[in-house]
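Trainee: I am new to this structure and would like to go through it step by step. May we begin once it is displayed?

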Amino acid sequence: MRSLLLISAASAVLLVGCGGGGGGSGGSAGLTPPVTVSPPPPPAPPAATQLETKAEAADFLMTAGFAATDAEVNGTTGADAAAWVRTQLNAPPQSYLVTLGARFTEEEAKSRDNTALIWQQMIASDAQLRNRMTYALSQLFVINDRDNSTNGYALAAWMDILDRNAFGNYRDLMGDVTRSPMMGRFLTYIYNQKGNDKTGRKPDENYAREILQLFSIGLVELNNDGTVKLEGGEPVETFDNEDIVGLARVFTGYAPAGTSYKYRDRYDDWLRRPMIMWDEYHSELEKSFLGTTIPANTGGEESIDLALDAIFAHPNVPPFVARQLIQRFTASHPSPAYVERVATVFENGRFTAPDGSTFGTGQRGDLSATLAAIILDEAIHDDVKEPWEGKVREPVLKLVQFTRTYATDSSKALLTGKWNSLSDTSDPIKALGQAPLKSPSVFNFYRPGYIAPSTESGEAGYTAPELQIVNASSAFGYVNFMTNFIARFDDHWSGILVPDYTEEFLLADRPEDMINQIDLKLLSGRMSAETRAAILETVEALPLRDNTTENNERDRLSRVFLAMLMTVTSPEYAVLD
Amino acid sequence: MSFYNRRRFLQASAAGFMGATGALAGLGQHRAYANTGTGYKALVGIMLKGGTDMFDVVLPRDQESFSALTALRTGLLNGHDGSRDPDNQAALNPINADQFGTRRFGLAPEISGVADLFGSGEAAIVGSVGPLLENTNREDMEAGRSALPANLFSHNDQRSTWMALGPEGRRRGWGGAMMDTVLSQSPQAYPQFTTITAGSGDVFLASEDTRIFKAPRDPDGLSVDMVSRQWLTSGGHGEEARALLDTYLRGARLGSQNIFARDIARSQANGLQSMRDYGDVFASVGPVSTEFPDTRIGRQMAAIANSIHIRGAIGNTRQIFYADQGGFDTHDGQAEGIVGPLSQVFDAILAFRAAMVETGAWDDVVVFTMSDFGRTLTENGDGTDHGWGSHQFVFGGSVVGNRIYGDLPILDPDASHFTSSRARLIPSTAVEQYAATIGSWFGLDAGAIDQVLPNLGRFDARDLGFLGGAAV
C-alpha cells in the first residue's frame, strides 16, 4: 500500500506512451488521390476513414489494436486510418521463441507456463495490429497449452506460427498449423497411422473433422455473405462421414521431428520444428473427400498439400473466415453485406480502402487485405450507430486495454517471474473466465454463432459470441479481479505492471476533470451521462481529508480507484460500438 | 419474507427485460398447479463432454462377447493391461438379466462403487440411447430412407442435440424448457434459483423465463465490495461512497442505445445481486458436512449439494441443476486417458449421494448423465473416434434400479445396429424418451411433456420406466 502511494505521488514519468510505433508516418502516401484524375476536381470530401478528431482516432486504435495512448492518438489524428494500417502491416513478426530464449535459460524456458509471453506482447508491443491479429487467429485455430505446459517452448513455437502468418496467406497458415506438433498433439494425429485390417486399427478422424468444421468451411454450405444456403428450405451439409473417413487417411504418418519414427529418436527441440512425415505409416489407400480424390499410393506430404489445396478451394472458406475475423475485431453480429465485402476481399486478395489506397497481393486468402477490409470498412467508420453494431469485448481485451493505458513502460518491459500471476486467468469466479490459449477445448471459450438466451439481443436473433462467458459468476469474478488489479490491495500483483495514476491522482480534488481524463483514456470520450453521473456522485461522497498528507493521498487514490473501477465495469467499456 | 420481496423487486427492476416480458407476466395468471405437487424435487444433469466411450465402461463379461470386443480393440485393451478383463470388472447382476440371454455385463473397475449402487437399486443403465428423428437402422440409413439428426458426429452439435434437441444455436434446452412449464403452472414458483449450473453455462438450462444462476463452489464471503470495504471504511470514512459503489455495481444502467451494452448491464447487475442473495442465504444455513473429492466435478457436485441443502431457505420446490466434466474425447491414449475423468465423475456422484442422504433429499433427486455421443466400436490404434448412440446412467432414491433399460447391443460390427463405417452405434432409444421419463417423474403432465419434447410422439414408449412410471 505504502509503495503504491509513493509511486503514484512521486512519479514524474506521467504517460510517455509507447514511443513512435503508432505514429502515422505513412500518412501522406495514404492521401494520394487516384491517378486517373484529369480535370482539376473540387476538393474531395475526406474519406470516411479519415480520423478527424482525437475521439475518432482513439476509437479506431481501440478497435484495431488494444488501446490508445496520448502519443498514438496524437500521431493518428488528422490522418487516414489506412495510413496507420499500412504502417502496422510493416511491423515484422517478433519471434516468441527468440524472446523466450533471450529471457530464460533452456531449462527455465522448458519448465514454465509461458502464457505471460502472450500477455506481454499484447500489453507492451508497438505492433498492435499484428498482435491483435495473432490473438484473433489463436481463437480460430484453437489449441490449449494445458497439455503442452510441460514444455514452455510449445507455446512460443505455436504463437510464432500464428504471428508470422498473421499478415500472410490463409493457405500457408493452414499448412504450418497442420504440420505443427502442437496441433498434432492437441488433435491427436501425431503418430496417427494408416489402417490395419488385422488389428482393426483405423486412422484417427479427429483432425480430419475439426479442420473442416472449425478451421476452414464449417458444417453447412454458406452464401458469400456468411448466411446459410438453403435448398428446399433446408441447410446443406458440407461433408458427411465418408468424407471424414477419406480425409482421415491423409493425416496419417506424422511423427515428431527426429531421426526415426520412434519417439525415443525425436530431436530435443522437436516442438520447435514441423512434424516429419513417414510414408511407411501413411495410408496408401485412395483418399476421397469433398469431391476430391487423391489416388492410391500418393505419398504423405503430397497428400497433405493436395488435401489442404482442396479444402482451401472450397467456396465456404472466404465467408467462414471473414465472419469470424470480423467478430474478433469490430462486430459481434456483422451484417451480411459487411461479411460479403470482406469475403470478397479474401477471395480476390486485394482491398481498396476508402481513401483509394490498396492492400494485398491479389492472391486468394491474403490476410493483410482481409484485415484492412475489416477495420477500414466504410460502414464501421460512418457516423451511424445502429443498436446491433459494435463488438462485445471479451475480458482479455478489457484487461489489456487497461494495462496498456496505465502500466508504466518499464514495468511492462520487465518480464519477471511475477508475470506468472497472469498465466492463467480463466477461472471465472476468481479471475477473468478467459486467458490466451486456455480454452477448455478446440471450440474456444465461445462460439461464433452463439445467441444468448434470455437477452434482448438473443430475442432479436443477434449473435454475440462473447456473451457466452458473461454470467453471474463471471460478472462477480471480473469485478473482484479488476478491483484488485486496479487498486493492488494484496501482494498478488506487486512488482509487475505497476500502474501510474499520477494524472488522475493530481485531479482527484476536481472530480469532473478526473472523470473526463479517465473517460478520454479508457472510453475515448464515450462515457454515458448516466455512468458519469453515478461516478461523480460516488467520488464526491468520499471527502478528501486534509488533516494529514497520508490521509489526503489515501483519499485521492480512493477516488481514482472508485472512478476507474466504475468505468471498467460500465456497459460502454464492455461494448465498443 | 423480505428476502423474497427483495428478489421480486430485483426481477422487476434490474433484471428488466426478461423479468417484465417473461416470468412475471406469467406469475399473475394463477393457473392451477397441474401435478407439479408441493414436495421438493430436483434434477441433476451431468454432461460428459467429448463423447464418452461407454463400450469401455459398460463391458461384456461373458467370454464370447469379451472375445468379440478384444478382436475389435486390440491396441486399446492392451493399453488397459487386463483391467477390462471379465475377472477384473465390477460385476452387474441386473434383475432383468434374462433379457440378454447368456450375455453378462460388468463395469470398468475404477467405478466399482457404481456397481454397488446399481446392486442396491439406486442406479440404472439406459442402453443405446441417443439423438434420433425416427427409429432407424443401417439399411434404412444407408438407403437414405431415414430422417437423421443434423450434423451427426460433430461434438458441439450433438452435445447441443442431447441438451436442446437440435444442433448448436438452440436457445432453449429441455432442462430449461421443463422449468418454464413448471413456472407457468405454479403461481408461487419464483424464477430465480430454479435453474442452477455448477459448471459451464451450456444450453441445457437455457429457457425463456429463467435466468441460469451459477452456483459458486465456495459461497463464503461472496461479496464484490469485500476489498473496497476494507479500503474505504477505516473509521467510517468513505462508508457512503462504498454504499454508492455497491448500488452502482448491482444496478443495471440501461440508457445505452446499444442492445449488447444493455444486455451486459442487465447480466452484470443480475449476476452480482443474485450472487449476494445466494451468499446471504447460504450463510444462514451452512454447507453439508459430507466431504467431496477435490476435483473440478467434485467441487461442482458439492456446490449442487449445498444448493439443495439450503432448499428450505430458498423456497423453490422444483430445481434443475447442471454440471459437466471434460476429457472424454479419447482419440488417442484412451486407456490412460479415460480412467481419470471417469472415476472423477462417478466418485463425485457417490459423494453427492452421501450428501443427499445427509440432507434427506436422496429420494427427491435424480442424477443422470448425458454425453456428446458414443464412440466407434472399432479403434484407431489406441483410441476411438466420434460415434452416435451410447449408454447413460441414472441415480437416485427414486430410481427403479438394478436394471438395464433400453438395450445393450451385441458387439458385432456387421449387425444392423451399427453403421458400416467404423461401427458407430445407431441408438434404439431417443433422447426424447430418456428426457420424458425424467420429466414425468419431475411432475410434468403429458401436455407439458409434449410441449417440451415435440418429437416424442415419433417413438413408442413415452416412459422408459426407470423412475417408476408405467413403462408404456
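Mentor: Two residues are in contact if their C-beta atoms, placed from the backbone, lie within 7 Å. Please keep in mind that this is a predicted model.

Trainee: How many residues of chain A are in contact with residues of chain B?

Mentor: The contact cut-off of 7 Å between C-beta atoms is applied here. On the side of chain B, 68 residues take part. Their partners in chain A number 71 residues.

Trainee: Which helix of chain B gives the most to the side that touches chain A?

Mentor: Several elements of chain B each supply at least two residues to that side, including helix 4 (63-72), helix 8 (155-164), strand 7 (213-214) and helix 12 (259-285). By type, the residues of this side divide into 25 nonpolar, 28 polar and 15 charged. The element that gives the most, with 13 residues, is helix 12 of chain B.

Trainee: Why does the radius of gyration of chain A agree with that of a compact globule?

Mentor: Chain A has 28 helices and ten strands, and its C-alpha trace spans about 90 × 65 × 45 Å along the principal axes. Buried residues make up 57% of its 577 residues. For 577 residues, a compact globule would have a radius of gyration near 25 Å, and the two agree because chain A has 25 Å.

Trainee: In what order do the three strands of the open sheet in chain B lie?

Mentor: The edge strands, each pairing on one side only, are strand 2 (58-60) and strand 3 (90-92) of chain B. Strand 3 of chain B is joined to strand 4 (residues 105-107) of chain B by three bridges, and these two strands run antiparallel. The order is therefore 2-4-3.

Trainee: What angle does helix 6 of chain B make with strand 3 of chain B?

Mentor: Within the sheet, the twist from one strand to the next averages 40 degrees. Helix 6 (residues 112-119) of chain B packs on this sheet and touches strand 3 and strand 4 of chain B. Its direction makes an angle with that of strand 3 of chain B of about 25 degrees.

Trainee: Which residues touch the most other members of the largest nonpolar core?

Mentor: In soluble globular proteins, nonpolar side chains tend to be buried together. The largest nonpolar core has 299 residues. Beyond four places in sequence, the contacts of B:Val394 include B:Ala123, B:Val366, B:Phe368 and B:Phe466. The residues that touch the most other members are B:Met301 and B:Val394.

Methods: Residues numbered from 1 in each chain as written. Chains lettered and ligands numbered in written order. Predicted model: local features only at pLDDT ≥ 70, side-chain atom pairs only at ≥ 80, totals over all residues. Core = buried A, V, L, I, M, F, W, Y, C linked by C-beta atoms within 7 Å. Buried ≥ 20, exposed ≤ 12 C-beta atoms within 10 Å, placed from the backbone. Helix = DSSP H or I, 4+ residues; strand = E, 2+ residues; numbered from the N terminus. Rg over C-alpha atoms; globule rule 2.2 N^0.38 Å. Nonpolar A, V, L, I, M, F, W, Y, C, P; charged D, E, K, R; others polar. Axes fitted to C-alpha atoms, helices over the stretch in contact; angles between N-to-C directions.
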